[in-house]
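Trainee: Before I rely on words such as buried, paired or in contact, could we go through a model together and set each word against its cut-off?

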Amino acid sequence: MSKRSLSPAPLPPSKRIHTAVEESPPGEMPSTFDNVLSDEIVLFIFSYLAPSDLCMTQRTNRNWARLSLDNQLWKSLYIREYGRTRLRGARGFISRGDGREIKPLPGRAKPEDVKDWKWMFRISSNWRTGRCSLEHFDLGTPVRLLSQAQCCTHLLLAGSMTIMALSEPTARPTILLTSPGHKSYILPCPSSRAGVMAYITSIALDQSPPSSGHHGKLVCFLSTGEFSLFSIDHQSPSSSSRLLTYQPSGRSLRSAPIIQAAYHHPLLVTLSQTFHLSLYDLSSNSVKHTQTLTSFTSYPPSSLVLSTQSSGAYKLILAYATPVYPSHWSVGATELVITSEGASRMTVSNTRTTRTIDVPQGWVDEDKMRAVREQWSRKVARVADTQTDGKWVVLAPGQVLPATTPVTPIPSGSVSPASSSTPPSSPGSGTTYTSSSLHTASGLQLYRLYLPSSTSSSSSPKLSFVRTLHGQIGPVSALALADGRCVSLGMNGSIWVWDLEAGTGTEVSPGITGPLDDASDDGDDKDDSAMDPFEAVKLRAATGAQGSVVFDDRRIVSSHGTEVEIRRFDI
């Protein structure tokens, strides 16, 4: 059989042999991804990458490393991920109408064009995941068994400076100023009464714009009813000095002791243990008491947020514990508008109050009764702390204390600040009633505070329950709240960070969960005066001792007694 003849059609050209390196005409650069696409197109492609993938591209070559670090690219990623153009939690001088403060303090203010958006993304990511560094700070004060459980350290953050004041009775109370790159400075705050043992009950930082870029004002309150105004130098803490001291004519319920204060020069607002709210005018380097208000249905713990609406007009938002029949507690909030026209003194011109439990007047139908039952199911037997930022209100239920708690006696000549400042009728005292099983001491109650404009038809404020924040193990000792972020400190030293807008929480520190294994420790080197950490936790829980916690956009500072811990997220 004969073979088929070949087709007369011409054969296709032979395929080109591909090599690893394509030959280019002389004088031309080889075509690559870097020189074919412009920087704008590459950045547009990079904008679809996840932040972790964008970091991985930096290892490709120098050009990709340059483009992946583009500041505008990270700015768009930050705004898309976190929905704002700044770090959260920054307290400041210029406030919003809703009470949330937004402008950062000295030392953190940066122009818009020099913001490092990738670094901001890293800090915010560390807040979300709980990644931070830990520093321990020793106040250098001898710790006794009782003072370790009941002494409180007042904390404030002013830019890079940390302000600490121990509430331990002494003849010479002091304030400690610490700042990176500077030596710690002790600011004396003695009482003007000779031979009197006094302790610091509260400190407050001025929220008004400073006269100079690195100076601020601090108010310190003593158990004797006195308070002193200091000028704080953020760049050189040793240059801080006292400006004036106010000494009341006599001991009164409005001045001793002061447990909360808010300061926006020249207005100073103080709140005493008996819930006397006082206004002071600190203009012209003098102190003038202008007004005092009293409430018989409000109790500590409380929280103050002071903001300015216009020149001579201020708004104060106060969150506090409210009693609920028969012997339970809930939370309430009050808005006070403070005005000063011309030379007239500062006074409260308008107030509005709302509470979480409202009993309707007269006869009620089934819908109203169902709402009342739902509200009453959230009442608690004890309140550990309440905090507000003007938009959110958080209530931390306290652990029910035994009716009689054995307490180690205090040496003669000293007074315990915690025991003397907590009346038997306060929500922090022991009781035999129990709260609802749905609301434990570790579950935080989150409320949304609505404050409509006073000119609107429905100008009544409202405090609406949002959710219960579960996650922390054990009772909560203290809260800090700012800018929609809440930090809770547990009795065992555990710390949780809560995003109130999203309703999520992150554990930053688990705290002390059990006895420490000290079998390998040498008994001869063990300090008998020191208390075992787990025993200290049990003593704090038994006595209901309250810790302290504050935070800003980069760190959390917490303390129980004289132990101070600083956690930084800018790592």
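Predicted model: local features only at pLDDT ≥ 70, side-chain atom pairs only at ≥ 80, totals over all residues.

Trainee: Why is Ser192 called partly exposed?

Mentor: Its relative accessibility is 46%, and the class runs between the limits of under 20% for buried and over 50% for exposed, so Ser192 counts as partly exposed. Ser192 sits in the loop between strand 5 (185-188) and strand 6 (200-205).

Trainee: How do you know that the side chain of Ser192 makes a polar contact with the side chain of Glu226?

Mentor: The limit for a pair of N or O atoms is 3.5 Å, with one able to donate a hydrogen and the other to accept it. The Ser192 and Glu226 side chains make such a contact at 2.4 Å, and the Ser192 side chain makes another with the side chain of Gln247 at 3.0 Å. Leaving out residues up to four places away in sequence, Glu226 and Gln247 are what Ser192 touches. As for Tyr246, its C-alpha is 9.6 Å from that of Ser192, with 54 residues separating the two in sequence.

Trainee: Is Thr201 buried or exposed, and on what value does that rest?

Mentor: Thr201 has a relative accessible area of 10%, and the limit for buried is under 20%, so Thr201 is buried. This residue belongs to strand 6, and beyond four places in sequence Thr201 touches His154, Phe221, Leu222, Ser223, Pro257, Ile258 and Ile259. A polar atom of the Thr201 side chain lies 2.8 Å from the backbone oxygen of Ile258.

Trainee: What makes strand 3 mostly covered?

Mentor: Strand 3 (residues 161-166) has 6 of its 6 residues buried. Met161, Ile163 and Ala165 point one way, while Thr162, Met164 and Leu166 point the other, and all are buried. In a regular strand the side chains alternate between the two faces of the sheet.

Trainee: How do you know that strand 2 and strand 3 are paired?

Mentor: Pairing requires at least two bridges, and 6 bridges join strand 2 (residues 153-158) to strand 3, the two running antiparallel. One of the bridge pairs is Ala158 with Met161 of strand 3. The two strands form a hairpin with 2 residues between them, where Gly159 in the turn has a positive phi of about 65 degrees.

Trainee: Which strands continue the pairing from strand 3 and from strand 4?

Mentor: Strand 3 pairs with strand 4 (residues 174-178) in the antiparallel sense over 3 bridges, with Thr178 in strand 4 as the bridge partner of Thr162. Strand 4 is in turn joined to strand 5 by 4 bridges, again antiparallel, and Leu177 has Tyr185 of strand 5 as its bridge partner. In the hairpin of strand 4 and strand 5, 6 residues lie between the strands, and Gly181 takes a positive phi near 85 degrees.

Trainee: What makes strand 14 and strand 17 edge strands?

Mentor: The open sheet has 4 strands in the order 14-15-16-17, with antiparallel pairing, and strand 14 (299-310) and strand 17 (347-355) each pair on one side only. The twist averages 20 degrees from one strand to the next. Within this sheet, strand 15 (residues 313-324) and strand 16 (residues 328-339) pair over 12 bridges.

Trainee: Which residues touch the most other members of the largest nonpolar core?

Mentor: Of its 28 residues, these are Phe46, Tyr78, Trp127, Val487, Val549, Phe551 and Ile556. Elements that each supply at least two core residues include helix 2 (39-46), helix 6 (117-129) and strand 23 (485-490). Beyond four places in sequence, the contacts of Trp127 include Val487, Phe551 and Ile556.

Conventions:
Residues numbered from 1 in each chain as written. Heavy atoms only, no water. Core = buried A, V, L, I, M, F, W, Y, C linked by side-chain atoms within 4.5 Å. Buried < 20%, exposed > 50% of the residue type's maximum accessible area, 1.4 Å probe, protein only. Contact = heavy atoms within 4.5 Å. Axes fitted to C-alpha atoms, helices over the stretch in contact; angles between N-to-C directions.
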